[in-house]
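Here are my notes on this one, in the order I would go through them with the viewer open. Have a look and see whether you read it the same way.

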Amino acid sequence: MTARHTEPSRSPYGEHDRKPRGVACAAHIFAAHVRADPGLIWAALTDPGQTAAYLYGLAAHSTWVPGDPIEFRLAGRVEAIGCVLHARCHERLSYLLQAGPGDPPAYLTWLLRPAPGGCVIRLEIDEPGTADSPQDAEDVWLPVLAALQLAVNPP
């Protein structure tokens, strides 16, 4: 499993002789190789019975059609909400995730790529308005990716 973090950046567009205004944005990328095909990974990403195994117990309920809502439920109670942004079966799933309507969003993109002996899973997280440290992001998202890896590659 690998992790890469990008530093928040500022827009190159700004008024002459003034520093451009920018918004803090934490961007993190994690990747892992699994011994499973993209179809099995896709099922794990979209089946609420499987998402709970790696998303801290949260079962993701959605039609997985772009524009449709997502409810992340724990013990039947909605704990987080989201919206499907992009879904290309067996290749890419992007969605917005937030604790509630007024909370800052996190944009998650799961990219799946066939590779020798299995599949590469790449997780990209963008958090506008947040400046999480690489360590904070690793503490949250590496266990998610590791649990997904374990779910599709049982010992």
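How much of the protein do buried residues make up?

1. **Overall burial.** Buried residues account for 35% of the 155 residues in the protein. Here buried means under 20% relative accessible area, exposed means over 50%, and partly exposed is in between, with a 1.4 Å probe and protein chains only. The protein exposes about 8600 Å², and carbon and sulfur atoms supply 56% of that. The areas come from the Shrake-Rupley method with a 1.4 Å probe, and for residues only the protein chains shown count as cover.

2. **Ground rules.** Keep in mind that this is a predicted model: local features need pLDDT of at least 70, side-chain atom pairs count only at pLDDT 80 or more, and totals for chains, interfaces and linings use all residues. Residues are numbered from 1 along each chain as its sequence is written, and side-chain values use heavy atoms, with hydrogens and water left out.

3. **Layout.** The protein has three helices and eight strands. Reading from the N terminus, the order is β-β-α-α-β-β-β-β-β-β-α. These elements are DSSP runs numbered from the N terminus, with helices being H or I of at least four residues and strands being E of at least two. As for contacts (heavy atoms within 4.5 Å), residues 24 or more positions apart account for 46% of those in the protein with a separation of 6 or more.

4. **Aromatic pairs.** There are three of these in the structure. The rule is that rings of Phe, Tyr and Trp (its six-membered ring) pair if their centres lie within 6.5 Å; planes under 30 degrees apart are stacked, over 60 edge-to-face, and the rest tilted. Tyr-54 and Trp-110 have ring centres 6.2 Å apart and planes at 80°, so this pair is edge-to-face. It links distant parts of the chain: Tyr-54 sits in the loop between α2 (48–51) and β3 (59–61), while Trp-110 is in strand β7 (residues 106–115), 56 residues apart. Tyr-54 is buried at a relative accessible area of 3%, and Trp-110 is buried at 1%.

5. Phe-72 and Tyr-95 pair at 5.8 Å centre to centre with 40° between the planes, which is tilted. Phe-72 is in strand β4 (residues 69–74) and Tyr-95 in strand β6 (residues 92–98), so the pair ties together parts that are 23 residues apart in sequence. Both Phe-72 and Tyr-95 are buried.

6. **Ser-94.** Which strand does Ser-94 lie in? Ser-94 belongs to strand β6, and with 3% relative accessibility Ser-94 counts as buried. Its side chain makes a polar contact with the side chain of Thr-109 at 3.0 Å. For a polar contact you need a pair of N or O atoms within 3.5 Å; within protein, one must be able to donate a hydrogen and the other to accept it, and residues adjacent in sequence count only if both atoms are side-chain atoms. Leaving aside residues up to four places away in sequence, Ser-94 touches Cys-83, Val-84, Leu-85, His-86, Leu-108 and Thr-109.

7. **Salt bridges.** How many salt bridges does the structure hold? It holds four, each being a side-chain nitrogen of Lys or Arg within 4 Å of a carboxyl oxygen of Asp or Glu. One of them joins Glu-71 and Arg-73 at 2.8 Å, N to O; Glu-71 is partly exposed at 31%, and Arg-73 is partly exposed at 27%. Arg-88 bridges to Glu-91, with the closest N and O atoms 2.6 Å apart. Arg-88 is partly exposed at 40% relative accessibility, and Glu-91 is partly exposed at 39%.

8. **The β7–β8 hairpin.** β7 and strand β8 (residues 118–128) run antiparallel, joined by nine bridges; strands pair if DSSP finds at least two bridges between them. Two residues separate the strands of this hairpin, and Gly-117 in the turn has a positive phi of about 80°. Leu-112 stands opposite Ile-121 in β8.
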